[in-house]
Amino acid sequence: MFPEVDASPLLQHLNPEQRAAVTLPNEHALILAGAGSGKTRVLTTRIAWLMTTGQVSPGGVMAVTFTNKAAKEMMTRLGTMLPVNVRGMWIGTFHGLCNRFLRAHYKLANLPQSFQILDTQDQLSAIKRLMKQFNIDEERFPAKETQWFIAGCKEDGLRPQAVTARNEEDRRKVEIYQLYEEQCQREGVVDFGELMLRSYELLRDNDPIRQHYQRRFRHILIDEFQDTNRLQYAWIKIFAVNPDGSPGAGNSVFAVGDDDQSIYAFRGARVGNMADFVREFDVRHQIKLEQNYRSYSNILDSANALISHNKGRLGKNLRTDQGPGEPVRVYESPTDLAEAQWLVEEMRHLVRDQGTEPGLRRSEIAVLYRSNAQSRVIETALFNAGVPYRVYGGLRFFERAEIKHALAYLRLLENPNDDTSFLRVVNFPPRGIGARSIEQLQDAARAAGCSLHDAVSATTGKAGANLGAFVARIDVLREQTLNLSLREIIELVLQHSGLVEHYRSEREGAERIENLEELASAAESFVMQEGFGRDAVALPVDELSQSPASQGLDPNQPLLNEPAPDYVAPDAETGETLSPLAAFLTHAALESGDNQAQAGQDAVQLMTVHSAKGLEFDAVFVTGLEEGLFPSERSMSDHEGLEEERRLMYVAITRARKRLYLSYSQTRLLHGQTRYNVRSRFFDELPEGALKWLTPKNQNFGGSAFGFGTGYASTRAGSGGGSWSRDSRDNRDTFASPPVPVQKAAPSHGLKSGMQVFHTKFGEGTVLSIEGQGDDARAQVKFGRHGVKWLALAVAKLTPVP
DNA sequence: CGAGTAGTGTAGATA
DNA sequence: ACACTACTCG
C-alpha cells in the first residue's frame, strides 16, 4: 500500500463543505453541487486525497463523466495535483470506459477484438438498410422512430426478448430490433447503447469478472449524476451491489450532481436516479455545496428565486460572499431584429472601457437562446455591425460527410464485412454502380449469407465488373497499406479512393480537401498521444481474484501505474492487439471532436442554453424569453416539462459572473410567419429587487390577439462567409495540436522488420513493422494461415527463427 | 447516374 | 422561411 503522505496542502484552499466532501470516509456519498460551487475541484481533489493518504492506488479509482471534455479536464487537473500518469487511470466517459472494458474482455463479450462503433448516423443508415432488406414499410415504421425505439430499449436494459409488446405494432418493432441486433453482431459493430448494455450484462452475468472489478475499483466517482439514464445507473450499481442484491466487495460510490441542472430528460436522463441512489445504496453522507464562487448576488438571488418554483427538489440555495453587483437588466423589444440590434449595442458598451471598469473581452460575452433557429437574426446583426462572433453547434469534425467517407474506406480496410461502410462508398465517388447493381448485390449476399464484399465475386455483367473493380481496389489498398504508418495509410487511401480528386472538381471542395488533410494530421497526433500501450486489465480469468498490483509511493517519483491506457488491450493469450488503424477508428467514433469555438480570435460566443451548461462568462445575454419559446411550446402542456424548462432557465442565469441581461421580443419571425409573443412567465418568478427594467415593464398582450400584418421584413445580410462567421475550420486546432515528441530508446525485443518469427499459436510469420517502445512495443506480423496480426511484444511470445 | 423539384417538418444533443 | 429528403425525369 501507499505510505501516508501529508495530504493537507490539497485541502488548503477548500471551504468547509468542500473539505468535508473531499475527506468523507470510504462509503457511498452524494454531493449536491450547486452551479459554480467548485464541483470539478471537489471531484479531482477527492481522488488526489484518496491516493496521497494511501487509501487507494491509481488503478483502484474509476471516475466517470459524460463528455470527453469533462474527462480531459479532470485528468488535467489531477495531473497538476499529483505526479501520476493520469492517462493510465480509469477516468473517462461512460462509453469510453465501456469500450475499454469490452476490448479487454472481447471474447467473453462475444465480440471481435476490433469491433467498430456505430455513431448515431451510422446506426440510422444501418437501420434503413435493414428495413429495406426486409421490406418493412417505412411509412408505418419510420427509420428514425425505430432507431429511437431501439436506443430506448437498450437504455432500459431490455433485449428484444425482454420487451413486452402490447400490440401488433410493438411486436413488429421488436422484430426489427431483433433483426438489427443480428445484423450488428454479424458485421462486428456496436452502437453506443450496445457499448453500455453489453458491458453491463457481462458484469452482471459473469461472477469472476464482476468480483474482480468490484474489488479493483475501491472508489467510483461520477460527475453530473443527474444526467444518468437507467442503464448507466444500473451499470454503476453492478460495481457495488450484486445482481441478487447482496453487497459487493465494499467499494464506495461518490456521486456528484445537481438536480436543479437536470436538463436532459428528453434523452433519457432520470433525475430520480439521485433519490434512488440514496435509497438503494443506503447513502449516509450527503453534502451540499452551496457556496458559489462565480456570480454576484443579484444574479444568484434571481436563480434561487426562479428555481424555488419547482417542486420536489432536493433543496439547495446558492450563496456568495460577493456583493450584489449590477442588477439583472431586462429589455423588451418590438421585434427580434430590434432585440438583436440592442444586444449588439449593449455589447459595444461592455467591450469598451466604461468609467472605472475595464472593458470585457468579447469571448467573455455569451448570447444564449433556447433553440438554434434563433441564432440567425443575432448572427445577422453581429455580422452587420462587424462584431466577431462564434456559433457553437453544428457538425463536428468526425461527423462531416467527407470525413465519414474517408473513415468508411478505412473501415473497409480493417473489416471488409462492414456493409454499412461498403454501401457508403461503393459508389462514392461515382463509379457507375447504381441502385440496381447494389440491389442485385444485396440479394446475392443475402442468398449466400455473406457480406456484400464477399458477394461481389458472384455477380456478373457490367455491374459485376464495376463492383469487382471497386472491391479489387479496396483489397489492393489493404495489401499496399500493410506496413505503412497510420498517416501513410490515410494519405494513400485519400489518393486511391478518388475522394480528393472528386472534391477537387466540386464547388466547395477545397474546404473538404482541407478537412481530409486534417484527418491525416489528426491520425498522426492520435498515434503520438496514445502511445499504444497495453492495459493491464486483460488478466486471464484465473488471475482475476488477485487484487491489483500495489505499488510503492515515493512523493518525488511519478506514481507507478498500469501501463498506458486506451483502446489497446492485447489478448492475454496470444498478445494480439488492435491495429493503429482500428484504434483510430474507435477514437473517431468516441470523440467526434469539439464544438469549441476557435481559441484564437476574441469573439462573442453564441450558443443554446443546453450547450452553455458547465460554462461561465462575465456577461450573459439570455434572449427570446417568450412564452412558447422559452418555456418552449412543447414543454408547456405538462408539469414535468415546464419544470425542466425552469431548470434550463436556471442554468442560463447561473452562467453569468458579472452581468446578466434578459430580453424578449413582442414579435418574432418563426417558420416564415410573424408570431406575436407574450413575455415569459419566468419573469414573474424573479425577484423584482434584483432586476432593472431598461424598457418600461408594460403589460403584455395575448399572442394572436394581434393577428395582423407582419410589417417587419427580415433584412439579412449577404450570407457568404465573413472571416468570423460559422466556418468549417472551427475544429481545426483540436486535431492539429503539435506532435508530442517521442523519446528514443533502444529496442529491447531485438526484432526488426523483415525478420522471421515464431508465435506459439499463429506459427511462423514475417515481421512487417514495429511501433512503440518498451512495454508498449507492438509488431505487425504476417502469418501464413492467420493473416496479418498486431501483437503486443510484452505479451506475445515471439521467437526469432534463424 | 445526377440534376432539379416536390414534399415535409421545424427543441434541446453526449457518446 | 428554410433546410433537408425523397423522388422523377432527361
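Modeller: What follows sets values against definitions, a few labels at a time.

Modeller: This is a predicted model, in which local features need pLDDT of at least 70, side-chain atom pairs count only at pLDDT 80 or more, and totals for chains, interfaces and linings use all residues. Residues are numbered from 1 along each chain as its sequence is written, and side-chain values use heavy atoms, with hydrogens and water left out.

Biologist: Why is Gly393 called partly exposed?

Modeller: Its relative accessibility is 30%; buried means under 20% and exposed over 50%, with partly exposed in between (1.4 Å probe, protein chains only). Gly393 therefore counts as partly exposed. Gly393 sits in the loop between strand 11 (389-391) and helix 16 (401-414). Its C-alpha atom is 9.2 Å from that of Leu606, 213 residues apart along the chain.

Biologist: What makes helix 20 roughly antiparallel to helix 21?

Modeller: Helix 20 (residues 461-480) and helix 21 (residues 486-496) pack at about 155 degrees, with their axes 10 Å apart. Angles run from 0 to 180 degrees between N-to-C directions, and axes are lines fitted to C-alpha atoms, for helices over the stretch in contact. Under 35 degrees counts as roughly parallel, over 145 as roughly antiparallel, 65 to 115 as roughly perpendicular and the rest as oblique. The pair is therefore roughly antiparallel.

Biologist: Which residues of helix 20 and helix 21 meet?

Modeller: Arg473, Leu477 and Gln480 in helix 20 meet Leu492, Val493 and His496 in helix 21, where contact means heavy atoms within 4.5 Å.

Conventions. Chains are lettered from A and ligands numbered from 1 in the order in which they are written. Helices (H or I, at least four residues) and strands (E, at least two) are DSSP runs, numbered from the N terminus.
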